[in-house]
Amino acid sequence: MVSAPRTQVLVIGGGINGIATFRDLALQGVDVILVERNDFCSGASAASSHMIHGGVRYLENGEFRLVRESVQERNRLLRLAPHYVKPLPTTIPIFSTFSGILSAPLRFLTHKQQGKPKERGALLIKLGLTGYDSFSRDGGSVPRHQFAGRAASLAKLPELRRDVKYTATYFDAAVENPERLALDLVGDARATGPHARSANYIEAIGARGDDVLLRDTVTGTEFSLSASVVVNTTGPWTDLTNTALGRPTEFMGGTKGSHIVLDNPALFAACAGGEVFFENNDGRIVLIYPLNGKVLVGTTDIPADMGQPAVCTEEEVDYFFELVTHVFPKIPVDRSQIVFRYSGVRPLPSEDAAPGFVSRDYRIEKTPFGESGAVKMLSLVGGKWTTFRALSEHISTDTLEILGVERRVSTEDLAMGGGVGFPTAGAETDAWIANHSGRLGRARTAQLLARYGTKAAEVIAFLQTAGDQPLGALEGFSAGEIEYLCEREYIVHLGDLFLRRTIIAFAGGLTQPVFDELAAVVASALGWSAEQLATERQGAVETLALFHGLELAAAPATGRPAADAA
């Protein structure tokens, strides 16, 4: 990755904000390197609610600038990344008319909970959604909100609690596969030329004068890199990174948020194709919505300990089940329906406030790098998925000012990855499929278009040569497609494939036969020895069990290394 010991900008942290900053700077022609200590988009960015939203509840905290920017960015992402970002109808069940109307102004003024938390009533929600809609007046991409009474609400969502008085439905957006969108941005940056370089599994471990000391986590090799500007986008680990680099900070707070994914057809049907979103009586935000054939349920908001791994606990699972029953009391849920669970730490600023009142906005802190008087450092504090484009533009602008370089490209209307030329109408889609299907056939081409956007053309070209023989254990994938991901998308470890290059694990498809077959394909594509494969299988199994609740066997069922058995 590093062929020169110097770069203009080093971005440390390959979550969505670091990746977007890398892309923005690359588009300006800046010599920029991105490093990530694990896999791209594997930390806080991999633990999102899969939503692109304005944050209607942030209005109550007075974060009007953030809400305005978020709504505008939501609308923009629907245009610029239509292959992954889709409109999401969101319904709030309401069980009272006036609840919360007296305490809301006090919460707004003090940023503190006044008394026992209460569910918001119809009047307060109506005021909030009216204000929310106002931020889309610049040619918004989604309809305005609508209210419905009890009869209409139960007609649309018949499994709702019978004492529902109203529902309010508004539109936000869902990002069906956020990790793939992040990878698209990495590809966009690298496509600008050799001045844009990136590597996963490279960590920043210290400072040597004006240089950053880096370590390859696979080989253990250490090396130094000098840069004019160092940008720290390591999210909840920002303070830990700054401390390692010789400049201790106390910028970050952070709360843990967990989710579970359920295979529950009754609950899937009860959502009627949209998200059910409400505030629980403990003040926490709750979401239940169908995604990739399953149902995502979240989230918690618990003070985080950065010294401990973020995992979804059994207490949180019990809490999620209570939430489902709170809204859909007749639909049974149990642990046997959980196909995936995950947790992450939100990169929130350090504030003396209850978790729900900590600002979701972001800021950029400027400091010297370590003990250096020459190198400048920018640290991102806060940030969320929805605003990654605008946020990265702000960081890049600050960086360009330090470098004395003029901005030459705006990303405001620049399509992302497979969103470039993505067909959004039926006739356009049919024409794209007809023009690209070749020997693969229309159905398979349509599947790849949905999975990769217009970057499917690259996958199809690869498969025309490599072949597209379907996998035996997993429908919808071929060995050739997995080989493409291994060769073109920076896969280093087995878990990279299961968790971020595909949604196989998230959607409940990672059975033991699937695990075994995919491990053999990856081992062949990356040239692993039998010993390497055994190590990778063991590491993947441990990660899947600890962080995602999946129990698999590390040893192949045949008792022989899968690479030999294949």
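Biologist: How many aromatic pairs does the structure hold?

Modeller: This predicted model holds nine aromatic pairs. One of them joins Phe462 and Tyr484.

Biologist: Why is the pair of Phe462 and Tyr484 called edge-to-face?

Modeller: A pair of aromatic rings is described by the distance of the centres and the angle of the planes. For Phe462 and Tyr484 the centres are 5.5 Å apart and the planes stand at 70 degrees. Rings pair if their centres lie within 6.5 Å, and planes over 60 degrees apart count as edge-to-face. Therefore the two rings form a pair, and the pair is edge-to-face.

Biologist: What makes this a link between distant parts of the chain?

Modeller: Phe462 belongs to helix α13 (residues 456-466) and Tyr484 to helix α14 (residues 479-488), with the two residues 22 apart. Both Phe462 and Tyr484 are buried.

Biologist: Which residues do ring pairs link into a cluster?

Modeller: The cluster consists of Phe340, Tyr342 and Phe506.

Biologist: How do you know that the charged end of Arg161 sits over the ring of Phe95?

Modeller: The charged end of Arg161 is 3.7 Å from the centre of the Phe95 ring. The distance cut-off is 6 Å, and the charge must also be within 35 degrees of the ring normal. The value of 3.7 Å meets the distance cut-off, and Arg161 is placed over the ring. Arg451 likewise lies over the face of Phe477, at 3.9 Å from the ring centre.

Biologist: Why does Thr300 count as buried?

Modeller: Buried means under 20% relative accessible area. Thr300 has 0% relative accessibility, so the residue counts as buried. Thr300 lies in the loop between β14 (294-298) and β15 (302-303), and its side chain reaches the backbone nitrogen of Ser258 at 3.0 Å.

Biologist: Is Val67 buried or exposed?

Modeller: Val67 is buried, because its relative accessibility is 0%. Val67 is found in helix α2 (residues 64-80). Val67 and Thr387 are 320 residues apart in sequence, while their C-alpha atoms are 9.9 Å apart in space.

How values were computed
Residues are numbered from 1 along each chain as its sequence is written. This is a predicted model: local features need pLDDT of at least 70, side-chain atom pairs count only at pLDDT 80 or more; totals for chains, interfaces and linings use all residues. Side-chain values use heavy atoms; hydrogens and water are left out. Rings of Phe, Tyr and Trp (its six-membered ring) pair if their centres lie within 6.5 Å; planes under 30 degrees apart count as stacked, over 60 as edge-to-face and the rest as tilted. Helices (H or I, at least four residues) and strands (E, at least two) are DSSP runs, numbered from the N terminus. Buried means under 20% relative accessible area, exposed over 50%, partly exposed in between (1.4 Å probe, protein chains only). A polar contact is a pair of N or O atoms within 3.5 Å; within protein, one must be able to donate a hydrogen and the other to accept it, and residues adjacent in sequence count only if both atoms are side-chain atoms.
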